[in-house]
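The sequence and structure come next.

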Amino acid sequence: MGNCAIVGINWGDEGKGRMVDLLTERYDIVIRYQGGGNAGHTVINEYGKFALHLLPSGIFRKGVVNVLGNGVALDPENLWVEIGEVAGKGVPITPENLKISDRASLLLPWHRELDRLEEARLADKKYGSTKQGIAPFYSDKYQKKTILAGELLCPEHLKEHLKDLLEWKNLTLSGVYGAAPVTMEALENWINTYCEKIKPFICDTGVFLRNAQAEGKKILFEAQLGALRDLDYGIHPYTTSSNAIAAYAPVGSGLPSAKIDEIIGVVKAYSTCVGEGPFVCELFGQEAEKLRKAGAEYGAKTGRPRRVGPIDLVATRYGVQVQAATNIALTKLDVLSDMEKIPVCTHYLLDGKVTDEFPFPTLLEKAQPVTEYMDGWKTDISSIRKWEDLPVQAQKYVEFIENQIGCHIGYVSVGPERDSIIIR
Ligand code: GDP
């Protein structure tokens, strides 16, 4: 067993957090390699229930070192609040078990403000942003107009750099959006309130990881969101602004030489999607409400009701392919236990033709789902821990998905708790 990435196959919220929490005992290091504080990885364990936004899900395991890689949107304000909340429930968080890459860029206060201003300008054409500043942050990162975490350790240089960025950013804030400019005083206050607090965690994680690799330590890469929200491979423009695919893990983690031996793709037993954008298999009305309630499908960060639908095998197959998944964790199978017949979207109908290929994003708006129905099992499966104890209809459902997506389903999750899992 070597390194492993745990990634989302669909639109996010597949249950990655619970899988990372389950599997961290096998690994020495857990790295978040992309995305920001807009994640909501729900974890339920002996410390309680958590929705982790930026902290890697290995934070609960003794002896595991957690790394925030250079690919993340490092929001010092959110991170410091989150550290306080998690540590407040008795979880030790120290520079020994949490390391922040000195090459991670800081999400600055104006990123959140710009996100809000742009969504307001777009009005009914909005992208459905969580307004955490992620898109403005990544645009600035690629323009090299951000501060690296390591610059916090060089105060004289930091002040000059902040001044330059402030001057530049105020041109956009007031010139383009007519908003109030940010003052240097406010920025320095923010630095003193939040950035000072996270300074002890910042280090050269590249050296740490290269040494760990040389010692044969095992690494788990944790992704945010899913393949369909990947900046390059997702449903543009309703994607996130970073690469959520496993191929980006070595780059965003700070260990570009890392070899990933196993890629566990997390798939939900039905579909959910937060925010705007095409969602071909979407259910509406009572049917949707019932599924949403059964699965408690409300955003971990925003509380927004998630859009729901049957499992979409066209999108899932594509997700498996772009993630290059080697194994699948199918989550929330227990949520379907009440259904007499379970709908499954097997193909799309596009321009009068049936297809099993995931279309170019613009064409998705026109695609219609082709749905089949499978027998339900109508019995509570949440206490089952062995494959052979699952009702035969549930086994058939899992096997059908497995055949359609072309990847082994090695884990079947039947509840949110750490041990509610069937390993095949
Ligand atoms: P993530 O962002 O991919 O980690 O997923 P979320 O945390 O946003 O959403 C997954 C939700 O489903 C969380 O509330 C989990 O506690 C819950 N969950 C995960 N696996 C299961 C499962 O097998 N059954 C049930 N009922 N809930 C699950």
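## Aromatic pairs

The structure holds eight aromatic pairs; rings of Phe, Tyr and Trp (its six-membered ring) count as paired if their centres lie within 6.5 Å, and the planes are called stacked under 30 degrees apart, edge-to-face over 60 and tilted for the rest. Trp377 and Tyr397 make a tilted pair, with 5.9 Å centre to centre and 55 degrees between the planes. Trp377 lies in the loop between β18 (368-375) and α12 (392-405), and Tyr397 in helix α12, so the pair ties together parts that are 20 residues apart in sequence. Helices (H or I, at least four residues) and strands (E, at least two) are DSSP runs, numbered from the N terminus. Both Trp377 and Tyr397 are buried, where buried means under 20% relative accessible area, exposed over 50% and partly exposed in between (1.4 Å probe, protein chains only). Elsewhere, ring pairs link Tyr47, Phe50 and Phe60 into a cluster.

This is a predicted model, in which local features need pLDDT of at least 70 and side-chain atom pairs count only at pLDDT 80 or more, while totals for chains, interfaces and linings use all residues. Residues are numbered from 1 along each chain as its sequence is written, and side-chain values use heavy atoms, with hydrogens and water left out.

## Charges over rings

## Helix α9 and Arg292

Helix α9 (residues 285-294) has Ala288, Leu291 and Arg292 as its buried residues. Seen down the axis, these fall within an arc of 100 degrees, so they line one face of the helix; the arc is that of the directions from the helix axis to the C-beta atoms. Gln286, Lys290 and Lys293 are exposed on the face turned away from the buried side. The buried residues of α9 pack against β13 (307-309), contact meaning heavy atoms within 4.5 Å.

Arg292 has a relative accessible area of 13%. Leaving aside neighbours within four places in sequence, Arg292 is in contact with Glu297, Tyr298, Pro305, Arg306, Arg307 and Val308. The C-alpha atoms of Arg292 and Pro305 are separated by 7.8 Å, with the two residues 13 apart along the chain.

## Salt bridges

Side chains of opposite charge can pair when their charged atoms come close. The structure holds 23 salt bridges, each defined as a side-chain nitrogen of Lys or Arg within 4 Å of a carboxyl oxygen of Asp or Glu. In one of them, the closest N and O atoms of Glu289 and Arg292 are 2.6 Å apart. These two residues are three apart in helix α9, and are therefore separated by about one helical turn. Glu289 is partly exposed at 32% relative accessibility, whereas Arg292 is buried.

Lys341 and Asp375 form another salt bridge, at 2.5 Å from N to O. This pair links distant parts of the chain, with Lys341 in strand β16 (residues 341-350) and Asp375 in strand β18, 34 residues apart. Both partners are partly exposed, Lys341 at 46% relative accessibility and Asp375 at 45%. Salt bridges that share partners also join Asp13, Lys268, Glu297, Arg306 and Lys332 into one network. Within it, Arg306 and Glu297 meet at 2.7 Å, N to O, and both residues are buried.

## Nonpolar core

The largest nonpolar core has 40 residues, and those with the most contacts inside it are Leu74, Leu79, Val86 and Ile100. Such a core is a set of buried Ala, Val, Leu, Ile, Met, Phe, Trp, Tyr and Cys residues joined through side-chain atoms within 4.5 Å. Elements that each supply at least two residues include β4 (48-52), α2 (76-87) and α6 (184-198). Helix α6 gives the most, with six residues.

## Backbone geometry

Most residues other than glycine have a negative phi, and most peptide bonds are trans. His236 and Pro237 are joined by a cis peptide bond, with omega about 0 degrees. Pro237 lies in the loop between β10 (219-226) and α8 (249-253).

Lys144, not a glycine, has a positive phi of about 60 degrees. Lys144 is exposed, at 70% relative accessibility. Ala296 also has a positive phi, of about 50 degrees, and is found in the loop between α9 and β13.
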